[in-house]
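Reader: I've got this one open on my screen and would like to talk it through. Can you help me find my way around?

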Amino acid sequence: QVQLGESGGGSVQAGGSLRLSCAASGYTYSYNCMGWFRQAPGQDREGVARIYTGGGITYYADSVKGRFTISQDNAKNTVYLQMNSLKPEDTAMYYCAAARADPGPCFGLPASGVNYWGQGTQVTVSS
């Protein structure tokens with residue numbers, strides 16, 4: 001069992017920044033693909049960023065490249081998502097995710113491949 005707890009969401013104006021945190025606990029060591037997904041009302045859950053924890057290799061959706069950064073602190077079992085230059089279209093519920101995957105599958109990990117989800121944290125960007 002793995003527990004994921006997100007924090008850091010909120011409301012900001014366009015162009016602002018937020019940092020999301022995901023603290024993992026439990027049987028975490030075998031879940032080597034961590035990521036952030038988001039879901040806006042009426043839309044499918046989409047992958048935003050992923051990190052292969054074995055080597056710290058990262059992957060980003062085209063819509064957030066250059067604006068978002070995923071990182072990890074192994075000592076704290078925590079994954080972060082730094083979000084800069086936020087846009088109204090970034091508004092969504094953001095979910096932390098954990099999965100067992102090799103690097104290739106990790107980078108294309110779909111929502112259906114996730115083993116554990118956090119409860120979600122809301123991000124709202126106003127224009």
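Predicted model: local features only at pLDDT ≥ 70, side-chain atom pairs only at ≥ 80, totals over all residues.

Reader: Ok. Is Asn74 buried or exposed?

Author: Asn74 counts as exposed, at 55% relative accessibility. The cut-offs are under 20% relative accessible area for buried, over 50% for exposed, and partly exposed in between, with a 1.4 Å probe and protein chains only.

Reader: And how far is Asn74 from Thr53?

Author: Their C-alpha atoms are separated by 8.5 Å, while the two residues are 21 apart along the chain.

Reader: What about Thr78, where is that one?

Author: Thr78 is found in strand S8, residues 78–83. Thr78 counts as buried, at 8% relative accessibility.

Reader: What does the Thr78 side chain reach?

Author: The backbone oxygen of Lys76, at 2.9 Å. That is a polar contact, meaning a pair of N or O atoms within 3.5 Å; within protein, one must be able to donate a hydrogen and the other to accept it, and residues adjacent in sequence count only if both atoms are side-chain atoms.

Reader: Which residues does Thr78 touch?

Author: Leaving out residues up to four places away in sequence, Thr78 touches Ser21, Cys22, Ala23, Ser71, Gln72 and Asp73. Contact means heavy atoms within 4.5 Å.

Reader: Switching to the sheet: what's the strand order?

Author: The order is S1-S3-S8-S7, an open sheet of four strands with antiparallel pairing. Two strands pair if DSSP finds at least two bridges between them. Strands S1 (2–7) and S7 (68–73) are at the edges with a single partner strand each, so one side of each has no neighbour in the sheet.

Reader: How many bridges hold S1 and S3 together?

Author: Six, with S3 covering residues 18–26 and the two strands pairing in the antiparallel sense. Within S3, Ala23 is the bridge partner of Gly5, and Cys22 stands opposite Glu6.

Reader: New topic, aromatics. How many aromatic pairs are there?

Author: A search of the whole structure finds four. Rings of Phe, Tyr and Trp (its six-membered ring) pair if their centres lie within 6.5 Å; planes under 30 degrees apart count as stacked, over 60 as edge-to-face and the rest as tilted. One of the pairs is Phe37 with Trp117, edge-to-face at 5.1 Å centre to centre and 75° between the planes. Phe37 lies in strand S4 (residues 33–39) and Trp117 in strand S10 (residues 116–117), so this pair ties together parts that are 80 residues apart in sequence.

Reader: How accessible are Phe37 and Trp117?

Author: Phe37 is buried at 1% relative accessibility, whereas Trp117 is partly exposed, with a relative accessible area of 30%. Trp117 also pairs edge-to-face with Tyr95, at 6.2 Å centre to centre and 80° between the planes. Phe37, Tyr95 and Trp117 form one aromatic cluster.

Reader: What's Arg45 doing over there?

Author: Its charged end sits over the ring of Tyr95, 3.7 Å from the centre, and over the ring of Trp117, 4.5 Å from the centre. The test is NZ of Lys or CZ of Arg within 6 Å of the ring centre and within 35 degrees of the ring normal.

Reader: Last one: why is S4 called largely enclosed?

Author: Because six of the seven residues of S4 are buried. S4 pairs antiparallel with strand S5 (residues 46–52) over six bridges, and seven bridges join S4 to S9, also antiparallel.

Key: Residues numbered from 1 in each chain as written. Heavy atoms only, no water.
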